[in-house]
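This briefing is meant to be read beside the sequence and the model.

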Amino acid sequence: MERTFIAVKPDGVQRGLCGEIIKRFETRGFKLIAAKFVQASEDHMKKHYLDLKDMPFYAGLCKYMSSGPVFAMVWEGQNIVKLARMMLGETNPADSKPGSIRGDLCINIGRNIIHGSDTLDNAKLEVDLWFKAEEFVNWTPCAQAFLYDPEGILRSAEDLLSEDEEKLTSSCSTERNEHKEQRSTLRGLQENQDVPQEKHATQTKEAVSVQKNKKSAGLWQETNEVKQAAVNSSSQ
């Protein structure tokens, strides 16, 4: 199972939103395995936001995050890093969809109430920064059997969709090949039909040519006979 680091920021704590945020993660089905209510030092926050050290707001962010208590947590669950980020919403609450934590519970980007790890690598770094190994509680919720399919009886929707896509791709490929074969067969039949037609056309042209030649020869003979008769008549 994946783990992710979630922290309710000082503004979220002051507004009494810790319970609401915990409820959302529990309702989703994730498991809380570590939590602490602390006021971190500014140096600690500088380590936490080290990847933002070149940003102009880095110093102010670290100072603010150390100005009051935060509620730090580690949650565990399948695909939790990605799903938790979806639950949080966008960094700017104005861009967050209704139903997300930031979309429902805050307004301003500088007071967006909650932090969540954005990648698996960052989740590990943040969890190790905030918690020691002995602070984790290994337990099994009674509802776990109703959240996950441990025996793999039911495959995930993603697997089913992937399988359907493969079948569809294979089916389309088969149909394309069949269409190609059909077109090739039709072209072959057409070519075979064209051969006797061409032969017949050639024979017809030859016959017409012969008839024309015969007709021309007959006319030439008749003309000569007429001329000869005229000559004979003149002589008499």
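Which pattern does the protein follow when it is read along the sequence? In this predicted model, the order of strands and helices is β-α-α-β-α-α-β-α-α-β-α-α, and the secondary structure comes to eight helices and four strands. Of the 236 residues in the protein, 29% are buried. Among contacts between residues at least 6 apart in sequence, 77% join residues at least 24 apart.

**The H2 and H5 helix pair**

- Helix H2, residues 18–28, and helix H5, residues 80–88, have axes that come within 12 Å and cross at roughly 135°, and the two helices are therefore oblique to each other.
- The crossing in which H2 passes H5 is right-handed.
- On the H2 side the contact is made by Arg 24, Phe 25 and Arg 28, while H5 contributes Leu 83, Ala 84, Met 87 and Leu 88.
- Sorted by class, this contact of H2 with H5 has five nonpolar residues, two charged residues and no polar ones.

**The largest nonpolar core**

- The largest nonpolar core has 24 residues, and those with the most contacts inside it are Ile 6, Phe 25, Trp 75 and Ile 101.
- At least two residues of this core come from each of strand S1 (2–8), H2, strand S3 (70–77), H5 and helix H6 (101–105), and H5 gives the most, with six residues.
- Phe 25, which also takes part in the contact between H2 and H5, is in contact with Ile 6, Phe 30, Trp 75, Ala 84, Met 87, Leu 88 and Ile 101, leaving aside its neighbours within four places in sequence.
- As general background, nonpolar side chains in soluble globular proteins tend to be buried together.

**The second core and Phe 5**

- A second, separate core of 19 residues includes Phe 5, Tyr 49, Met 65 and Val 127.
- Is Phe 5 buried or exposed? Phe 5 counts as buried because its relative accessibility is 0%, the cut-off for buried being under 20%.
- Although Phe 5 and Val 127 are 122 residues apart in sequence, their C-alpha atoms are 5.7 Å apart in space.
- Once its neighbours within four places in sequence are left aside, Phe 5 is in contact with His 48, Ala 72, Met 73, His 115, Gly 116, Ser 117, Glu 126, Val 127, Trp 130 and Phe 131.

**Two positions with positive phi**

- Most residues other than glycine have a negative phi, which is the background for the two positions described here.
- Asn 79 is not a glycine, yet its phi is positive, at about 55°; Asn 79 lies in the loop between S3 and H5.
- With 33% relative accessibility, Asn 79 counts as partly exposed.
- Ile 113 likewise is not a glycine and has a positive phi, of about 60°; Ile 113 is found in the loop between H6 and strand S4, residues 114–116.
- Ile 113 counts as buried, because its relative accessibility is 0%.

Technical notes:
Residues numbered from 1 in each chain as written. Predicted model: local features only at pLDDT ≥ 70, side-chain atom pairs only at ≥ 80, totals over all residues. Heavy atoms only, no water. Axes fitted to C-alpha atoms, helices over the stretch in contact; angles between N-to-C directions. Parallel < 35°, antiparallel > 145°, perpendicular 65-115°, else oblique. Left-handed = near helix turned anticlockwise from the far one by under 90°. Contact = heavy atoms within 4.5 Å. Nonpolar A, V, L, I, M, F, W, Y, C, P; charged D, E, K, R; others polar. Core = buried A, V, L, I, M, F, W, Y, C linked by side-chain atoms within 4.5 Å. Buried < 20%, exposed > 50% of the residue type's maximum accessible area, 1.4 Å probe, protein only.
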